Amino acid sequence: MGLTRRAFLHVTGAAGLAAAVPACSGDTVPKPSPTPAPPTTTATTTVRPDLDGLRRALGGALVRPGDPDYDTARRSYNPLLDDRAPIAVATASTPDHVRACVDVARASGLPIAARSGGHSYAGYSVPDDGLVVDLGGMTRVDVRDDGTAVVGAGARLIDVYAALAEAGRSLPAGSCPTVGIAGLTLGGGLGVLARKYGLTCDKLIAAELVTADSRLLRADAETEPDLFWALRGGGGGNFGIVTDLTFATDPAPDLTVVRMDFAEGSMPDVVGAWQEWTAGLPPELWTNLIVEGGSPPRGRLNGCYVGPRHEAVALLADLDVRPVNRMVREMGYLEAMLHFAGCASVAACAPGRFPREAFAASSRILSEPLADPVALVDLLDGRDGLSLLLDALGGAVAEVAPDDTAFPHREALATVQIYQEANPAVGDNLSRPVAEVRNSLIGLGVRGGYVNYIEAAMPDWDVMYYGQNFNRLRDTARRYDPDGVFAFPQGVTPT
């Protein structure tokens with residue numbers, strides 16, 4: 001997952017800012033041959049899953065309907081997905097545990113999905129009548145003397161940040177503290193340091209995973225290179241269940257955190273100025289522009305600069321629209337990550353203490369500056385609770401070719417997250433306004449989509465998420481999961 005909705009829509013204002021922040025591909029891309037969403041399993045066997053045997057293999061770490069902990073074990077981050085009813089939730093603490101889960105799923109045709117942080121926007125990590133492989137028992141973060149870090153697939157971002165900071169290292173990644181490192185990396189990995197250091201997947205140098213035939217493979221640039229290519233942006237849930245990841249890290253930088261609020265009615269000018277300004281910024285400065293629905297829409301800018309305050313201030317002065325409030329503050333690496341997460345401490349970010357949130361979301365990709373920024377802002381007029389989060393790309397992200405990894409949006413200006421928070425004015429159908437804005441953005445030339453903001457109703461999801469890389473991803477699926485053991489709606493499958 002990328003940047004948390006709550007941190008940029010609500011929590012940052014609690015960190016002493018002047019006003020409260022609401023809380024975690026263009027037409028030229030050739031479309032691959034149509035690929036309808038596959039069924040949840042392609043297996044034809046009707047063998048009853050041996051869940052009793054699996055419980056023994058896991059040392060008892062299997063929760064089933066009727067067990068006291070079942071309702072808690074099946075929860076995702078989004079309460080709107082609490083009706084999902086898996087047949088069992090397995091907690092895996094070793095690769096052999098994962099292999100045992102895959103053995104059962106393959107033999108019985110049982111849908112299977114890995115869960116790291118439980119932040120899948122479409123809820124794919126908790127399949128109905130399927131087996132959830134919870135990786136919460138695999139959370140080690142081992143920072144080595146050479147600066148590489150081996151991270152268990154179940155580690156949450158805030159724990160990764162804390163361990164890295166203690167060793168004086170850093171990793172570009174998201175800001176929602178309870179997001180799992182595996183899912184974030186597999187979809188690309190946006191973050192506040194992306195323009196300087198790249199996507200999270202750009203720092204991945206190896207991964208170990210259990211494939212559909214229960215082999216434990218290491219994938220890197222030399223061993224299983226096609227699989228390694230696919231794991232860097234090809235989306236969570238595809239090709240196998242990752243058990244650990246090895247990253248290259250950088251020395252932890254001193255950072256300057258930015259927050260600017262703009263006057264009511266100024267957002268068309270702000271969007272127009274921001275998109276021209278951000279395209280010319282040095283990679284040290286990342287920004288995130290939020291346009292909030294309302295009458296009229298309003299907004300703000302968050303930023304992170306790798307360097308001292310006075311350099312950040314000089315760059316901010318070049319934005320043509322002046323804010324009504326501004327905060328520019330130097331912070332250490334971990335302090336800044338906690339700031340963007342909206343947490344006072346690492347402990348406050350822990351699951352169970354960090355609140356869940358109900359929302360619907362989708363995404364688009366801003367490939368180039370809009371010709372009509374007014375039209376974008378008008379899409380949010382009167383839409384309370386709906387926001388667009390424009391996260392700047394460029395810099396180090398653009399230094400990688402679109403086909404060097406599975407993440408295709410290397411040349412884009414920004415990602416656009418469409419986020420609808422639950423509120424009484426919208427009612428239960430949160431997806432309707434999201435779909436309306438998502439479709440309207442195409443009329444403004446804003447196409448594509450970011451797979452870590454996966455939306456079940458995204459039209460043409462294959463080309464929107466993966467562009468020209470989809471056919472190669474499908475070829476990879478044919479090799480590593482020919483029978484569709486890990487198939488799910490919007491999964492990359494052999495057919």
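Cys343 is buried, at a relative accessible area of 10%, where buried means under 20% relative accessible area, exposed over 50% and partly exposed in between (1.4 Å probe, protein chains only). This is a predicted model, in which local features need pLDDT of at least 70, side-chain atom pairs count only at pLDDT 80 or more, and totals for chains, interfaces and linings use all residues. Residues are numbered from 1 along each chain as its sequence is written, and side-chain values use heavy atoms, with hydrogens and water left out.

**Disulfide**
- Cys343 is joined to Cys349 by a disulfide with an S to S distance of 2.1 Å, the term denoting a pair of cysteine sulfur atoms within 2.5 Å.
- The count under this rule is one disulfide.
- The link of Cys343 and Cys349 is right-handed, with 135° about the S-S bond.

**Burial of cysteines**
- Cys349, the partner of Cys343 in the disulfide, is buried at 0% relative accessibility.
- Cys101 is likewise buried, at 0% relative accessibility.
- Cys201 has a relative accessible area of 0% and is buried.

- Val133 lies in strand β4, which covers residues 131-134; strands (E, at least two residues) and helices (H or I, at least four) are DSSP runs numbered from the N terminus.
- Val133 is buried, with 0% relative accessibility.
- Beyond its neighbours within four places in sequence, Val133 is in contact with Ala90, Ala92, Val98, Cys101, Ile112, Ala113, Ala114, Arg115 and Ile241, contact meaning heavy atoms within 4.5 Å.
- Ala92 is 41 residues from Val133 along the chain, and their C-alpha atoms are separated by 6.5 Å.
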